[in-house]
Amino acid sequence: MKAILLLEDGTVFDGSTRGASCEVFGEVVFNTSMIGYQETLTDPTNKGQIVAMTFPMIGNYGTNSEDVESDSFKVQGFVVREICDFPNNFRCEKSIDEYLCENNICVIEGIDTRALTRVLRDKGTMNGAILPADTDISKKLEEIKAYKIEKPAYEVTLKEKKVLSAENAVCKVAVWDFGCKNSVVSNLVKSGCDVTLYPAETTAEEILNGGFDGIMLSNGPGNPKDYNEIITEVKKVVTSGKPVFGIGLGHQLAALSMGADTEKLQYGHRGASQPVKEIKKDRTYITVQNHGYAVKADSVSSDVGVVSHVNINDNTVEGIEYKNYPVTTVQFYPDTEYEDNLYSRFVKVMTELKGEVR
Amino acid sequence: MPKYSFVKKVLVIGSGPIVIGQAAEFDYAGTQACRALKEEGLEVVLINSNPATIMTDSNIADHVYIEPLTTDTVKRIILKEKPDSVLPALGGQTGLNLAMELAEEGFFEEHNVKLLGTNVDSIKKAEDRQAFKDTMESIGQPCIASKVVETIEDALDFADEIGYPVIVRPAYTLGGTGGGIAYDKDELFEIGRNGLRLSRVTQILIEKCISGWKEIEFEVMRDSKDNAITICSMENIDPVGVHTGDSVVVAPALTLTNKEYQMLRNAALKIISALKIEGGCNCQFALNPNSFEYAVIEVNPRVSRSSALASKATGYPIAKVTSKIAIGYGLDEIVNAVTKSTYACFEPTIDYVVIKFPRFPFDKFVKASKKLGTQMKATGEIMSISNNFEAAVLKAVRSLEIGTEHAWLKSQKDLSDAEIIDKIFTQDYERMFSIFEGLRRNIITIEEIAEKTMIDIFFLKKFKNIIDMEVEIANNFCEEVYLKAKKMGFLDSVIEKLAGQSFTYHKDAVYKIVDTCAAEFKAQTPYYYSTFDEENESVRTDKKKILVLGSGPIRIGQGIEFDYCSVHCVWALREEGYETIIANNNPETVSTDFDTSDKLYFEPLTREDMSYLIKTEKPDGAIVQFGGQTAIKLTKDISELGVKILGTQPDDIDAAEDRERFDELLERLQIKRPKGRTVFTTEEAIKVANELEYPVLVRPSYVLGGQGMEIAYSDADVIEFMDIISGQIELKEHPILIDKYMLGKEIEVDAICDGKDILIPGIMEHLERAGVHSGDSISVYPARSISGRIKDTIIDYTEKLAKGLNVIGLVNIQFIVYQDEVYVIEVNPRSSRTVPYISKVTTVPMVDLATKVILGTPLKDLGYGTGLYKESEYVCVKVPVFSFEKLHGVDTTLGPEMKSTGEVLGVAKTFEEALYKGILAAGIKIKDSGKAFISVRDTDKQEVIEIAEMYAELGYDIYATGRTANVLNQNFVAASSVRRMNEESPNVYDMLSRNEFDVIINTPRKGREPQTDGFRIRRMAVEHSIPCFTSLDTARAVAKCMMEERDNKEFEVIDTTKL
């Protein structure tokens, strides 16, 4: 049926939805990844967001039960130009339409996602809603503006701690789950870590007393400044002397805990081709990212640490190496595809320190 | 890292003549490279034998050598220019091979010349089959079971081991020359032997055939700091088994999951890092559609056709960045030229779909084998962009200019159901159209097609969507359906045809931007593609603006010369302060580079597509005379759409092409032409031919490159030609011309006219007598053998014709001098194939002047005078280059229909030396002595005596077939008699098979020959790389030249910027 995507500034995009009429609100963001829509839909970092894909053909290879970043859908709504009803892939189990429908995720199709992206780029990320076409727009605008998701990390984090073992593990790692992606955990496991996942509410004491070689601060959704109580706990971990590796929200929380500041980016970094330079090595990597906030560069005091990674497109902070503590955090999702990747470095730091202790 | 400090002067090696497998993409890459280097303040020396290129212009490099691409010449240029470094990665396989040979010889080291970009060892690792396999193994990248062999026996043994079918790939060849799939022993024997012969190092790879796997390509880029990125993924719709150059390709890859994509992307990055490539590189993979199994097919350690496509598909200038990397920069130091605010170290994100379709030459080579395989056959390609697959496909078929506005073809409609299905299953070059037709007739399902062809059903379903839409339009037409059809890329004219009714709905196209980043950043130098959305990103400016129509895909008869002209026109317009708009769809060219024009529209060149562009831009004028016949054909449409045609007016263009009107003009001007008439039917054609008396020339009007042009000697010939022509075009719309054929000397002139004065930069003379298409004949400037009186007549006629046709801008005229009289054969009121080379050798910037004249500046004020420009002290010989090796079943005989794909130029102080250089550059290897085989038609037997004598004098033993041998011996030229093919062994076939001959002179009896001895001899000559002359004029000139020049090993290399 005919539907609209309404932005809080009043911009309307015409499209259509399938099945029953839906009405969803959220922060509208665009994602430039050309593939990997299933991963995007299930990425906990997208909690509370209506995600628009800039690539126009979505669903080409269908969906399967393997390629997920968490056990459920995290997006509020999904905005695409064209849905493929005839997917083909040897692992394809369902079309994306069936998949979304079964999970009651509202998808609006037929949207000029490029035009939408241009609006978000120029005016910044804003709230919006997917609504039936006959909605009285003026009545909904207030509701859209008022929409705010409160501390979404608590909604996506684990309810209970969970243990995953690696074959021939060399380290034991605690992952503080603020909305951790499956792939982050599997990268740790692949790198030789036994992993214990802890819910966001866990205290620093519990984690520090768990006998771990290191702690990973996971990615997750929301404005980092909203999590004051977590930040207090994170500081204890960061200053504990244990190796700490933070990514995404975890990186922001660590920075805030150490006195740095964060800011909201105009439209965030969401996609698979963000160039990040590691300053020390003078090497640039193409990274996957999904964030709307960033650590302010001038807020990182030289007593605390140095900016180790920057985004070469807009010079935003992409990583911090802390002084006095074996703590490294990055804004992007690191991968394990090259030697000396950040996971293996984390493992190396853990094993080295372990040796010293012994 | 900043620029290397030792680099001050760089030698760039070009790719030489256009052949199948190595076309305009290297002019695009080379031009971008030279500009990128000059931008850095470096002195650039260029060598390229191809005069039709933009890169050989004096404003692209500081020193330009249009010289044969041989190690010898490169050495000489290095000794003369003393560059400190050489950049070979932009000159295709030709450039790379040359550099490798010189590096291996130690020449670079000896003369302190650094090889920029990827180093020699890395290139070897990528190019040498075994070294490549070993490297892949060492980094855990799977290859296909294969073995490099150097003898046919080893090939057969290995094939037995891994089982048939096997693929044969010769080492160090381009476009897969000499490769193929062998299904059994006999086929392997044939293909393998051929491949061994064509390989520079007599090596072929025998490989397990994995036909049917997905063929995925990645364009990758790496700098010396080991930063590596992928620019673009591409998926061949035709699975493994069809050469990627002949495949329909889509970008980005559309059927891969993130896991598959990342797996191949990471493989590509690992490969480029392991090989230590510095610059652009292409990695081809085969992916099993039913698992994660994959194999590396090939890596090209240089820019390629695919990188040109990837550049245009993403907006990422691969050649430019490759050049910057080669001189020391890191990817993170090079600014993204499209956004100007970000860096080259990023992976472009695409928010649209790109499709490439190949353009095949089978409209000309009707008798060639049209089955696709691992050897490339396409001469060119087009690219289309849209935000849905269906619209991109429909734009692509329109861009091909194969006489269709939609996913249907006239030739397919006449086929039976069984024939359609056969074409789908046999990899016919029109397979995609057969699939459409099969689905339209509902004689086959997409599942059946997928099973047999292994084309991913995802694509087939998209094809089916187009057919379903056709049905919906026919059955349930309404406004909603109309809008859906428009978004899917249907033209109004097609919808009207399908709906069977006219309608009042109309939706105009809007334009979206290609910006490398899916709108994440603002683009500064973007280009555009149409969609049927609401928002138009193309904002019209207030500047005076001119639309320049490009020339579409490269095909025989319409090559890069026209891109040269379009680009120069744009540059001249810019200089004059106009905003320039280009419409074109060829991804291989300079005209579609992102910064050539102010605005580039990647669109099919059809009336309707142009109408939308015109509505958006409302240009102040359009220039059509530089875009070849493609643009000329649109003159009337553009003019009817309300845009002023600048330069020669539509009515005058028509007057030149309309037979009756042209005859009236000649009558009025008192200029003679060979007698002839216009006909519409075969009956009329026969009648006219008999009135004129045979031989006659038969050709359709409004064509380029002599398409469908033949010399007919009998009624039977006329009937055959008319049949072929009527299969391709609508005779009612395009009548046929029948002319008396005169065996005279051909003279060609390009001139600029402003309505009052003309400027003739030079007069060219063809070496072969009339009857050989001007594009296929050796052309000499300045004309050598015409008298002052004839020259004056030609100048006089040129002026009269140009003025008589009210030409404003360029005009090309072809004359025949027959029995000391001048006849006009053709007047083309547009740019021509010869404009680039004449511009270069006479130093008259013809397109620049013509553009200024078009804008209203009188010729007199342009500083080059009027009348005939002073003759150059140099002689220039243009020699055509053919791609017969790649086109099985094509007769190599030269005739009025053009067959060459490219050209080279020889420049020297004397005719003989210029011709010698031309022959060398064209790759015609004439030995100092050996065996010459001569077999000519009866009418040539007297004339060939003298030529045979020349070859004998050169040191050749003469062999000839019976009667030719008799005539020679009777005239005291010793000739051994050779038996004909059908006679007992040893006969000519055996001798050819054993590669005994070193040169062949063979003239065909008449017209088109069926599978006769002559045809087979000529084909065998091609397959054995033996020079074969089918015109006595060529044979004579070459012999004479060899007699004079063969001891001239020290010819002078000439910097054409200093002429």
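## The parallel sheet of chain B

Two strands are said to pair if DSSP finds at least two bridges between them. In this predicted model, strand S1 (residues 9–13) of chain B meets that condition with strand S4 (residues 85–87) of chain B, since three bridges join them in the parallel sense. Within this pair, B:Val12 has B:Leu87 of S4(B) as its bridge partner.

Both strands belong to an open sheet of five strands in chain B, ordered S3-S2-S1-S4-S5, with parallel pairing. Strand S3 (63–65) and strand S5 (114–115) of chain B lie at the edges; each has a single partner strand, so one side of each lacks a neighbour in the sheet.

Strand S20 (residues 579–584) of chain B runs parallel to S21(B), and four bridges join the two. Opposite B:Ile581 stands B:Lys599 of S21(B).

Where do the side chains of a regular strand point? They alternate between the two faces of the sheet. In strand S21 (residues 599–602) of chain B, B:Lys599 and B:Tyr601 point one way, while B:Leu600 and B:Phe602 point the other way. All four of these residues are buried.

## Helix H35 of chain B

Helix H35 (residues 1013–1023) of chain B has the buried residues B:Gly1014, B:Phe1015, B:Ile1017, B:Arg1018, B:Met1020, B:Ala1021 and B:Glu1023. The elements that cover them include helix H8 (185–198), helix H34 (988–993) and the strands S35 (930–935), S38 (999–1002) and S39 (1028–1029), which are elements of chain B. Just after H35(B), B:Ser1025 adopts a positive phi of about 50 degrees.

## Chain A as a whole

Chain A contains ten helices and 19 strands. Its C-alpha atoms fill a box of roughly 70 × 45 × 40 Å along the principal axes. For 358 residues, a compact globule would have a radius of gyration near 21 Å, and the 20 Å of chain A therefore agrees with that expectation.

Of the 358 residues in chain A, 55% are buried. Among its contacts between residues at least 6 apart in sequence, 74% join residues at least 24 apart.

## Two crossing helices in chain A

Helix H8 (residues 228–238) and helix H9 (residues 249–257) of chain A have axes that come within 8 Å and cross at roughly 85 degrees. Angles of 65 to 115 degrees count as roughly perpendicular, and H8(A) and H9(A) are therefore described in that way. On H8(A), the contact is made by A:Ile230, A:Ile231, A:Val234, A:Lys235 and A:Val238; on H9(A), by A:Leu253, A:Ala254, A:Leu256 and A:Ser257. By class, this contact has seven nonpolar, one polar and one charged residues.

## Where the chains meet

The contact between the chains takes 42 residues from chain B and 37 residues from chain A. On the side of chain B, helix H9 (258–275) and helix H17 (457–475) are the elements that give two or more residues. The largest share, four residues, comes from H9(B). This side of chain B has 18 nonpolar, eleven polar and 13 charged residues.

Technical notes. Residues numbered from 1 in each chain as written. Chains lettered and ligands numbered in written order. Predicted model: local features only at pLDDT ≥ 70, side-chain atom pairs only at ≥ 80, totals over all residues. Buried ≥ 20, exposed ≤ 12 C-beta atoms within 10 Å, placed from the backbone. Contact = placed C-beta atoms within 7 Å. Nonpolar A, V, L, I, M, F, W, Y, C, P; charged D, E, K, R; others polar. Axes fitted to C-alpha atoms, helices over the stretch in contact; angles between N-to-C directions. Parallel < 35°, antiparallel > 145°, perpendicular 65-115°, else oblique. Rg over C-alpha atoms; globule rule 2.2 N^0.38 Å.
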